[in-house]
Every structure is written in C-alpha cells, then in structure tokens.
Amino acid sequence: MSRIKILVVDDEENIRLLYSEELKEAGYDVMTAKDAFDADRKVAEFNPDLITLDIKMPGMDGIEYLRKFRENDKTTPVVLCTAYSDYKKDFKIWASEAYVVKSFNLDQLKATIKEVLEKRGISDED
Ligand SMILES: [Mg+2]
C-alpha cells in the first residue's frame, strides 16, 4: 500500500505549511512548490497523483502554469485554489478543472481532493 502523493503549489509559505500539515494528517504524502518553475521540477521528481495549484503567484500564475502543464499531462487531477476575487476570471479553465475558494479551514479542500481522487479511481490500495 502506497500513499497518495499530493503536490501543493503556492507562493505563500504559511499556506504551504498549513496545507502540508493538514494533508499529511489526512494520510497523504505531500510535497510543496513555491512557484510554477519549482512546480515543474517537483512534478518530475515526485510524480504526484494530484496537484493543488494557487492562481495568484508572481512570475507565472496558476492559470498559465496549468495551461503549460496540460500540454504534457491531460490526466493528473489539478485542484485550483483561489481567492474569491479571482474566481472564474477564465471561464474555460474553471469549467474543466476542480477548484476551491481559499480558506484557512481546509474541509472544503480535503472534500474536493477526496471527490476528485474517487472520480478518477485513484486510491492508496494499489
Ligand atoms: Mg498566491
């Protein structure tokens, strides 16, 4: 039995720590990345089963990174994490990916992750 691997991409350190701590507690194997370029390296190194992706990041933002990521990987689920004000700026992307509005309470994020993994048939049984 191997644990499900989640890559948390966010430019804010306190968010990376919070998500990492809570997702580890929920039984996932977690790695973090601080920007899109770091995410590219960690994807190659860690081979995550799911990615949580912040939208607002300096350099390449989450939407731009997602577009680039999807050119090579059509299947790995991505959960977009956004502040309410940025929500649904780019309708096409929102229609095709899971998303949560950012909160310090991670219940919604954890529920969405669980739902997406179940939908894709990804489990820690194999
Ligand atoms: Mg951010």
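1. Start with the contacts of Val-43. Leaving aside residues up to four places away in sequence, Val-43 touches Leu-7 and Pro-48. Keep in mind that this is a predicted model.

2. As for where that residue sits, Val-43 belongs to helix H2, which covers residues 36-46.

3. One more distance for Val-43: its C-alpha atom and that of Met-31 are separated by 9.5 Å, with the two residues 12 apart along the chain.

4. Zooming out to the whole fold, the chain has 5 helices and 5 strands.

5. What about helix H5, residues 107-119: how far apart are its end C-alpha atoms? They are 18 Å apart, and this agrees with expectation, because 13 residues at 1.5 Å a residue should span 18 Å. The expected figure takes 1.5 Å times one less than the number of residues, in case you were about to multiply by 13.

6. After H5 comes Gly-121, and its phi is positive, near 70°. Worth a glance if you're checking backbone torsions at the end of H5.

7. Of the 126 residues in the chain, 29% are buried. Among contacts with a separation of 6 or more, 61% come from residues 24 or more positions apart.

Terms used:
Residues numbered from 1 in each chain as written. Predicted model: local features only at pLDDT ≥ 70, side-chain atom pairs only at ≥ 80, totals over all residues. Helix = DSSP H or I, 4+ residues; strand = E, 2+ residues; numbered from the N terminus. Contact = placed C-beta atoms within 7 Å. Buried ≥ 20, exposed ≤ 12 C-beta atoms within 10 Å, placed from the backbone.
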